[in-house]
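Thank you all for coming.

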Amino acid sequence: MASSSKRPRPGTSGAPAADEAVPHVRVAVIGSGFGGLGAAVRLRRAGITDFVVLERADSVGGTWRDNSYPGCACDVPSHLYSFSFAPNPEWPRSFSGQPDIRAYLEKVATVFGLRPHLRFNTEVLEARWEVEQTRWRITTSAGQWTADAVVSAAGPLADPQIPDLPGLGAFPGKVFHSSRWDHDYDLTGKRVAIVGTGASAAQIIPSIQPKVDKLTVFQRTPAWVLPRRDREITQLEKWLHDRVPVTGKIRRGTLFALRELQVDAFVRRPGLLRVVQQLAERHVAQGVPDPALRAKLTPDYRIGCKRILLSNTYYPALAAANTEVVASGLRELRGSTLVAADGSEREVDAIVFGTGFHVTDMPVGARVFGANGTSLAEEWKDGMEALRGSTVHGFPNLFFVIGPNTGLGNSSMILMIESQLNYLIDALTTLRSIGATAMQPTARAQRQWNLELQHRMDRTVWTTGGCRSWYLDPNGKNTVLWPGSTTAFRRATRKIDLGEYELIMRAGQDAARTAQEVSA
């Protein structure tokens, strides 16, 4: 899959001798979740087989490998949360759980012949663009590679975020993040604190509440919750989707259309969400009889501003006799005593942080260095941005899958991933057809795209809804979500517009020429 680059011997001109054994590939993919495996499938289908998938863990799956906490499941229907080129007629539930999604990804890796390309236990420590050689040098925990192009599919939900709390290091009990669940630690009969009330916590709380002695939930901001319309997929349905594949396509198409119809309310007319908010108000009223607790759990912002949660069991678990909701964040720890921001104290044996991930400050950014030697993290110090969520000026042949402003608030991320894969493959095949080595977006094209994108963001519920969410960076800028439909994003990434790019030619030619010069 990877051929060793031929390098001069010591004492001759050219690259140092240390390069002699460094394998070179056309494409290096970082990560083996949905984005990385999808990229691998599309590369092979495009006839590009000279690539590796660099994975820091020992198996595929990405966030669906890492998040194995009790109750972990997807909040997007399974028949939409799967690749269009790899339908799965065997989904057991309409909203399938983590084990089933992970098994699906393992099957994709096997069925599509991706395993020879996978390099496990290979964490990318640095990726640096070498200007003279017009290539990437990738340093990993298992050695080096060089590559013509890098696809960053590390994903935004990869690196857990735990608040830096005074006294946390001296806590005598058990501490872990929801995405690093310790399955060897038995919570039965323990006094357990859950910090956070986001999507993970809403699944964990009902799963562990019946077996713990005391459950204390630290909630800074309540979430809006809607009923979860989950059920088992019948054997007849599975048989139909297997034997008559068009029925699966119809099901997927229906799910897709329903979510596309919701987009307008999120991005242009947030007032339309009032009806949905009334459903959520009714849901909390039915699930929480105690008016004082219900008041704690009722948000003061418009629904959709923060991620909407789906659960039928969350409210009953919070209303249970052994659960206490502290409507305050966690301020500090004193031994085994947790002190809330309101000054109240609780004794606990274990703490589970459901405090999210490094999303607006993706850790991979500190490891990627562009043409001028600057890291992506430094380039993004005032906020992440890319052209069409995929490429960044100053970082030639770096392609993102789930890049800046490609997240969704209401539909399946697989739709966005597949659109970005279309863009990636068109870029690589275009480079080959015109004889160029690399491309990078012009500063003007990238800036124009993001100015228009942020202008559209001004009308969305994420901006006008009156909340502070993890979609926003420290400057209050939404660098995570896409302010439009998945159909609009598919159109925007259908193919490369060479007018938005500078092309970098092979050694011996001009270092950089615009697309217009090449076509002329």
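This is a predicted model: local features need pLDDT of at least 70, side-chain atom pairs count only at pLDDT 80 or more; totals for chains, interfaces and linings use all residues.

Is Thr-134 buried or exposed? Because buried means under 20% relative accessible area, Thr-134 counts as buried at 11% relative accessibility.

Asn-405 is located in the loop between strand S19 (398-400) and H11, and with a relative accessible area of 2% it is buried.

Thr-49 is a loop residue too, placed between H1 and strand S3 (51-54), but with a relative accessible area of 41% Thr-49 is partly exposed. In sequence Thr-49 and His-117 are 68 residues apart, while in space their C-alpha atoms are 8.6 Å apart.

Let me turn to the helices. Helix H1 (residues 34-45) packs with helix H3 (residues 98-111) at an angle of about 25°, and their axes are 10 Å apart. Angles under 35 degrees count as roughly parallel, and H1 and H3 are therefore roughly parallel to each other, with H1 passing H3 in a left-handed crossing. On the H1 side the contact is made by Phe-34, Leu-37 and Val-41, and on the H3 side by Ile-101, Tyr-104, Leu-105, Val-108 and Ala-109. Sorted by class, that contact has eight nonpolar, no polar and no charged residues.

H1 also packs with H11, at an angle of about 40° and with the axes 10 Å apart, so that H1 and H11 are oblique to each other. Their crossing is right-handed. The residues of H1 in this contact include Phe-34, Gly-35 and Arg-42, and those of H11 include Ile-414, Glu-418 and Leu-428. By class, the contact of H1 with H11 has nine nonpolar, three polar and two charged residues.

In soluble globular proteins, nonpolar side chains tend to be buried together. Here the largest nonpolar core has 111 residues, and among those with the most contacts inside it are Val-27, Phe-34 and Ile-208. Which helix gives the most to this core? Helix H11 (residues 413-434) does, with 12 residues. Taking Val-27 as an example, and leaving aside its neighbours within four places in sequence, we find it in contact with residues including Leu-43, Phe-51, Ala-147 and Leu-428. A second, separate core has 26 residues, including Trp-129, Val-368, Met-384 and Leu-398.

I will finish with a charged residue, Arg-346, which lies in strand S16 (residues 345-347) and is buried, with a relative accessible area of 16%. Apart from its neighbours within four places in sequence, Arg-346 is in contact with Thr-216, Glu-324, Val-326, Ser-336, Thr-337 and Leu-338. Of these, Ser-336 is 10 residues away from Arg-346 along the chain, and their C-alpha atoms are separated by 8.3 Å.

Notes:
Residues are numbered from 1 along each chain as its sequence is written. Side-chain values use heavy atoms; hydrogens and water are left out. A nonpolar core is a set of buried Ala, Val, Leu, Ile, Met, Phe, Trp, Tyr and Cys residues joined through side-chain atoms within 4.5 Å. Buried means under 20% relative accessible area, exposed over 50%, partly exposed in between (1.4 Å probe, protein chains only). Helices (H or I, at least four residues) and strands (E, at least two) are DSSP runs, numbered from the N terminus. Contact means heavy atoms within 4.5 Å. Axes are lines fitted to C-alpha atoms, for helices over the stretch in contact, and angles run from 0 to 180 degrees between N-to-C directions. Angles under 35 degrees count as roughly parallel, over 145 as roughly antiparallel, 65 to 115 as roughly perpendicular and the rest as oblique. A crossing is left-handed if the near helix is turned anticlockwise from the far one by less than a right angle, and right-handed if clockwise. Ala, Val, Leu, Ile, Met, Phe, Trp, Tyr, Cys and Pro count as nonpolar, Asp, Glu, Lys and Arg as charged, and the others, Gly among them, as polar.
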